[in-house]
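Please look over the briefing below, which goes with the sequence and the structure shown here.

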Amino acid sequence: MGRRNMVMNMIGFSIFAMGFMIIATGATEYTVGESFGWDTPTNESFYQDWATNKTFLVGDILIFNISGTKMVSEVSKADYDNCTQVVSGVGGNGNEIVFSMTLSTSGPRYFICPIDNDCVRGQKLSINVESTNSGAPSLQPHHSVISQSIVIFLVLAVYFLTNSH
């Protein structure tokens with residue numbers, strides 16, 4: 001009887017822990033362009049293609065791996081659409097740098113490289129950042145949350161199974 005109660009407690013606690021982890025999703029880090037980094041692509045839709053199947057949430061982090069004289073500038077929609085060569089941005093020092101940006105507000109965000117004609121050639125990215133407390137719960141929690149939930153469940157299972165006499 002004691003072992004059955006222990007197993008039931010383990011199952012109940014595991015369900016609670018997994019539910020909590022799904023609700024309390026952590027930030028996801030996105031490396032813009034993955035291994036290609038932030039550079040002038042050969043395909044004008046490269047960065048939009050990269051972002052297509054991703055859901056960006058408030059609190060997520062964009063990581064730009066910038067090399068050489070490239071820059072990243074966050075711009076307005078009009079500057080994005082027109083590839084306006086703005087003068088402010090991060091990068092451009094000739095070295096490789098990593099620039100991280102936490103997405104702190106919901107709504108559309110626009111990024112370009114304002115150097116030469118890089119934006120016209122496709123070095124631009126537009127994303128929509130969704131609020132973390134939107135009306136309907138997300139049906140696809142971040143992969144890191146699922147992984148953490150599985151780890152918690154396995155640790156609890158091992159603990160309870162090895163400590164039940």
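Three strands form an open sheet with mixed pairing, in the order S1-S3-S6, where strands are DSSP runs of E with at least two residues, helices are DSSP runs of H or I with at least four, and both are numbered from the N terminus; two strands pair if DSSP finds at least two bridges between them. The model is predicted, so local features need pLDDT of at least 70 and side-chain atom pairs count only at pLDDT 80 or more, whereas totals for chains, interfaces and linings use all residues. Residues are numbered from 1 along each chain as its sequence is written, and side-chain values use heavy atoms, with hydrogens and water left out.

**The five-stranded sheet**

- Five strands form an open sheet in the order S2-S8-S7-S4-S5, again with mixed pairing, and its edge strands are strand S2 (56-57) and strand S5 (90-91), each of which pairs on one side only.
- S2 and strand S8 (residues 124-130) run parallel and are joined by two bridges, with Glu130 in S8 as the bridge partner of Leu57.
- Strand S7 (residues 107-112) and S8 run antiparallel and are joined by six bridges, and the bridge partner of Ile112 in S8 is Lys124.
- Strand S4 (residues 71-75) and S5 run antiparallel and are joined by two bridges, and the bridge partner of Val72 in S5 is Val90.

- Asp60 is found in the loop between S2 and S3, and it is buried yet has no salt bridge, the nearest side chain of opposite charge, Arg109, being 11 Å away. Here buried means under 20% relative accessible area, exposed over 50% and partly exposed in between, with a 1.4 Å probe and protein chains only; for charge, Lys and Arg count as positive and Asp and Glu as negative, while His and the chain ends are not counted.
- A polar atom of the Asp60 side chain lies 2.9 Å from the backbone nitrogen of Thr28, and a polar atom of that side chain also lies 2.9 Å from the backbone nitrogen of Leu57.

**Salt bridges**

- A search of the whole structure finds five salt bridges, each defined as a side-chain nitrogen of Lys or Arg within 4 Å of a carboxyl oxygen of Asp or Glu.
- Asp118 and Lys70 meet through their side chains at 2.9 Å, N to O; because Asp118 lies in the loop between S7 and S8 and Lys70 in the loop between S3 and S4, the pair ties together parts that are 48 residues apart in sequence.
- Asp118 is buried, with a relative accessible area of 2%, and Lys70 is buried as well, with 14%.
- Asp39, Lys70, Asp118 and Arg121 are linked in a network of salt bridges.
- Glu74 and Arg109 meet in a salt bridge at 2.4 Å, N to O; with Glu74 in strand S4 and Arg109 in strand S7, the pair therefore ties together parts that are 35 residues apart in sequence.
- Glu74 is partly exposed at 40% relative accessible area, whereas Arg109 counts as buried at 10%.
- Asp81 and Lys77 form a salt bridge at 3.0 Å, N to O, and both lie in helix H3 (residues 77-82), four residues apart, about one turn of the helix.

**Cysteines**

- The structure holds one disulfide, a disulfide being a pair of cysteine sulfur atoms within 2.5 Å, and it joins Cys83 to Cys119 with an S to S distance of 2.1 Å.
- Cys83 lies in the loop between H3 and S5 and Cys119 in the loop between S7 and S8, so the pair ties together parts that are 36 residues apart in sequence.
- The torsion about the S-S bond of Cys83 and Cys119 is about -70 degrees, so the disulfide is left-handed, and both cysteines are buried.
- Cys113 is in no disulfide, and the nearest cysteine sulfur, that of Cys119, is 8.2 Å away; Cys113 is buried, with a relative accessible area of 1%.

How values were computed:
A polar contact is a pair of N or O atoms within 3.5 Å; within protein, one must be able to donate a hydrogen and the other to accept it, and residues adjacent in sequence count only if both atoms are side-chain atoms.
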